[in-house]
Amino acid sequence: MINSSLKRAVAVAILAGASVGANATTTDLGTVSFGAPTTFTGSILGGVQSFSDIFTFSLSEPNASSGYSVVNFPLNIPELGSFGTVLATLSLVSYGTDGLRGTTDDQVLKSTVLPSAGNTSDHLSLSWDQPLTGPAYLNITGVTSGSLGGLYSGSISVTPVPEPEAYAMLLAGLGLMGAVVRRRSMRKTS
């Protein structure tokens, strides 16, 4: 059974796609690596219209989890007009087993749909707390609110799987702390 937030995401995407002034772009971000977040931007020019933008990527492997965020970038240009965006959905989608985007086996992994806790029409975020393998994409939908269109920016961050050496150092540190505590307790009893 499909949960209600997924139903709302599909409904918003359908409405956004059916609107008169619809806009859609696809951008390839390549491979997203550990360390600094990978950033991206979206721009919709030409007054108030809906948009459904796709950002394709793959994550460095192995990865433990990943986070995704999109924010409105309001801009007012005196005597010319303004840029503004009302964000509606942020969806993380896997390509599926065939490795092709837009086919019937694409799987929505997680979606943020307004209204939702911690999100506003100016900021949407979601986190995926499992390893993500293979190609994936973000689908961002909304409506521009500026007279000149809308601007937004986003980021993808990846958490690496800890190396075995990190676990070994953790255990060694815990062992040393245990030895120190035991040694101090033995001094107090004597």
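## Aromatic pairs

Counting ring pairs with centres within 6.5 Å, we get five aromatic pairs. Keep in mind as you read that this is a predicted model.

Take Phe57 and Tyr68: their ring centres sit 5.9 Å apart and the planes meet at 40°, so this pair goes down as tilted. It links distant parts of the chain, with Phe57 in strand β3 (residues 50-59) and Tyr68 in strand β4, eleven residues apart. Both Phe57 and Tyr68 are buried.

Tyr95 and Tyr137 make another pair, with centres 5.8 Å apart; here the planes are at 70°, so the label is edge-to-face. Tyr95 comes from the loop between β7 and β8 while Tyr137 belongs to strand β10 (residues 135-144), so the contact ties together parts that are 42 residues apart in sequence. How accessible is Tyr95? Its relative accessibility is 11%, so Tyr95 counts as buried. Tyr137 is buried too, with a relative accessible area of 9%. There's also an aromatic cluster, made up of Phe40, Phe51, Phe55 and Tyr152.

If you want a spot to look at, Ser91 stands opposite Ser111 in β8.

## Pairings of β11

Next up is strand β11 (residues 149-160), which runs antiparallel to strand β2 (residues 38-45), with eight bridges between them. Along that pairing, Thr39 stands opposite Ser155 in β11.

Strand β4 (residues 63-72) also pairs with β11, again in the antiparallel sense, through nine bridges. Which residue of β11 is the bridge partner of Ser65? That would be Thr159.

Asn63 is placed in strand β4. With a relative accessible area of 3%, Asn63 is buried.

What do the polar atoms of the Asn63 side chain lie close enough to for a contact, given the 3.5 Å cut-off? One of them is 3.1 Å from the backbone oxygen of Ser60. On the Leu132 side, the backbone nitrogen lies 2.9 Å from a polar atom of the Asn63 side chain.

As a rule, most peptide bonds are trans, and most residues other than glycine have a negative phi. Two places in this model are worth a look with that in mind.

The peptide bond that joins Leu114 and Pro115 is cis, with omega at about -10°. Pro115 is found in the loop between β8 and β9 (123-128).

Then there's Glu79, which isn't a glycine but has a positive phi of about 65°. It lies in the loop between β5 (75-77) and β6 (81-83). Is Glu79 buried or exposed? Its relative accessible area is 85%, so Glu79 is exposed.

Note on methods. Residues numbered from 1 in each chain as written. Predicted model: local features only at pLDDT ≥ 70, side-chain atom pairs only at ≥ 80, totals over all residues. Heavy atoms only, no water. Pairing = 2+ DSSP bridges. Helix = DSSP H or I, 4+ residues; strand = E, 2+ residues; numbered from the N terminus. Phe/Tyr/Trp six-rings, centres within 6.5 Å; stacked < 30°, edge-to-face > 60°. Buried < 20%, exposed > 50% of the residue type's maximum accessible area, 1.4 Å probe, protein only. Polar contact = N/O pair within 3.5 Å; in protein donor to acceptor, adjacent residues only side chain to side chain.
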